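Here's a quick tour of a chain, going from the overall fold down to a single residue. Have the viewer open as you read.

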Amino acid sequence: MTAPAPTTKRHRRERVPAVLVLEDGRTFRGQAYGAVGETFGEAVFNTGMSGYQETLTDPSYHRQVVVMTAPQIGNTGWNDEDDESKQIWVAGYVVRDPARVASNWRSERSLDEELVNQGVVGISGIDTRALTRHLRERGAMRVGIFSGPALADEAELLARVNQAPEMKGADLCAEVATKETYVVPAIGPGGEALPIGTAKYTVAALDLGIKGMTPHRMAERGIEVHVFPANSTVEELYSVNPDGVFFSNGPGDPATADHQVSVAREVLAKKTPFFGICFGNQILGRALGFGTYKLKYGHRGINQPVQDRTTGKVEVTAHNHGFAVEAPLDKVSDTPFGRAEVSHVCLNDDVVEGLQCLDTPAFSVQYHPEAAAGPHDAAYLFDRFVDLMAGAPARTTAGS
Ligand SMILES: NC(=O)CC[C@H](N)C(=O)O
């Protein structure tokens with residue numbers, strides 16, 4: 001079969017002035033990108049050179065204005081297959097040099113058009129390197145993007161940025177999670193969806209902002225995934241008689257997730273196999289009695305080096321987190337659920353990237369083993385979850 005010819009599409013738009021105003025008063029002037037208007041959020045930067053569609057549709061970015069450090073964004077346009085959720089979640093989007101031509105055989109429209117369709121305000125043509133260095137030195141902070149033919153003066157815009165809510169203390173997961181429970185069927189050996197109720201394992205997944213790829217990675221391993229709303233109770237999760245419980249990624253400050261922490265504690269007490277990703281890792285940390293704290297500027301990208309301390313192996317991983325768990329790296333901790341240790345650590349800055357209980361079948365990671373876009377080094381963690389449900393000793397790499 002010959003590959004379809006690439007679809008290229010030229011996209012022209014009028015130049016509308018725009019300004020980005022940081023809460024410390026620094027401003028950057030450029031042109032409107034995406035919808036024209038105004039938006040507020042927390043300014044964060046993402047270092048991924050690809051995967052912008054998955055980044056934009058990751059619900060963990062809710063209320064964040066994402067600055068792309070890769071200078072050219074939009075080159076492969078927008079397709080109808082790669083979304084991680086039902087919509088774009090970023091509060092605003094910042095790029096240096098938007099593609100003038102979208103070229104990819106799956107592209108349906110340009111990124112700019114999709115941002116307009118979904119009403120997402122962005123800015124282009126600014127020095128994203130200077131902005132990123134500023135955020136790295138001063139830390140993530142509130143920001144506003146304003147565009148239109150006539151912009152108010154900067155003092156007035158700055159005052160409005162300073163009225164926007166902060167990310168610290170924000171309780172956001174229920175805003176992005178499903179309202180209704182749904183089922184992702186397990187995938188059979190021939191790639192077919194297995195009838196509900198026939199899969200080898202059933203997992204109850206608490207949706208705190210889940211990315212579509214996560215239940216898919218479980219389904220590929222013969223798991224039927226029942227996805228529950230963020231505020232579900234333990235009784236609701238156990239109504240499907242799960243072999244394992246999963247807590248997803250999600251936006252906001254984990255210090256606000258008291259309900260989910262109490263649900264996690266009940267799961268741990270029942271000794272049901274537990275796996276958490278990102279926000280789910282922070283909740284497991286809190287359930288074990290550890291604290292969480294806000295990182296200066298967080299980890300967002302697809303090439304972060306993480307060491308699995310249980311094997312010594314280093315993996316290249318996808319990240320999106322602004323908070324982290326505070327747990328001792330150099331010793332096993334005693335927790336209400338037995339001994340626990342830090343299983344994974346980021347080699348750039350020693351931030352805790354994973355937790356493992358030694359007396360309870362539970363573990364979690366701060367990063368994204370489902371990795372779309374991104375490397376697949378950490379996919380073995382889904383196999384570890386299967387092993388935990390099978391009652392087998394954990395395996396260390398995919399297929400071993
Ligand atoms: N991707 C996530 O789950 C992020 C978790 C949390 N909102 C943080 O920023 O750290």
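## Ground rules

This is a predicted model, so to speak a computed one: local features need pLDDT of at least 70, side-chain atom pairs count only at pLDDT 80 or more, and totals for chains, interfaces and linings use all residues. Numbering starts from 1 along each chain as its sequence is written.

## The whole chain

The chain has ten helices and 22 strands; these are DSSP runs numbered from the N terminus, with helices being H or I of at least four residues and strands being E of at least two. Its radius of gyration is 21 Å, close to the 21 Å that the globule rule gives for 400 residues, so the chain is as compact as a globular protein of that length. That radius is taken over C-alpha atoms, and the rule is 2.2 Å times the number of residues to the power 0.38. Along the principal axes, the C-alpha atoms fill a box of roughly 60 × 55 × 40 Å.

Of the 400 residues, 50% are buried (20 or more other C-beta atoms within 10 Å of a residue's own; 12 or fewer is exposed, in between is partly exposed, and C-beta atoms are placed from the backbone). Among contacts between residues at least 6 apart in sequence, 74% join residues at least 24 apart, a contact being two C-beta atoms, placed from the backbone, within 7 Å.

## Two domains

The assignment gives domain 1 (8-161) and domain 2 (173-390), with bounds from an automatic or database domain assignment. Their centres, taken over C-alpha atoms, are 29 Å apart.

Where do they meet? 22 residues of domain 1 are in contact with 21 residues of domain 2. On the domain 1 side, β4 and α3 (128-138) each supply at least two residues, and β4 gives the most, with three.

## The UniProt span

An unreviewed UniProt entry lists residues 16-146 as "domain: Carbamoyl-phosphate synthase small subunit N-terminal"; such annotations may be inferred rather than shown by experiment. The span is 18% helix and 37% strand, and its end C-alpha atoms lie 10 Å apart.

## Zooming in on glutamate 38

Is glutamate 38 partly exposed or buried? It counts as partly exposed, because it has 19 C-beta neighbours inside 10 Å.

Leaving aside neighbours within four places in sequence, glutamate 38 is in contact with Val121, Gly144, Ile145 and Phe146. Valine 21 is 17 residues away along the chain, and its C-alpha atom is separated from that of glutamate 38 by 11 Å.
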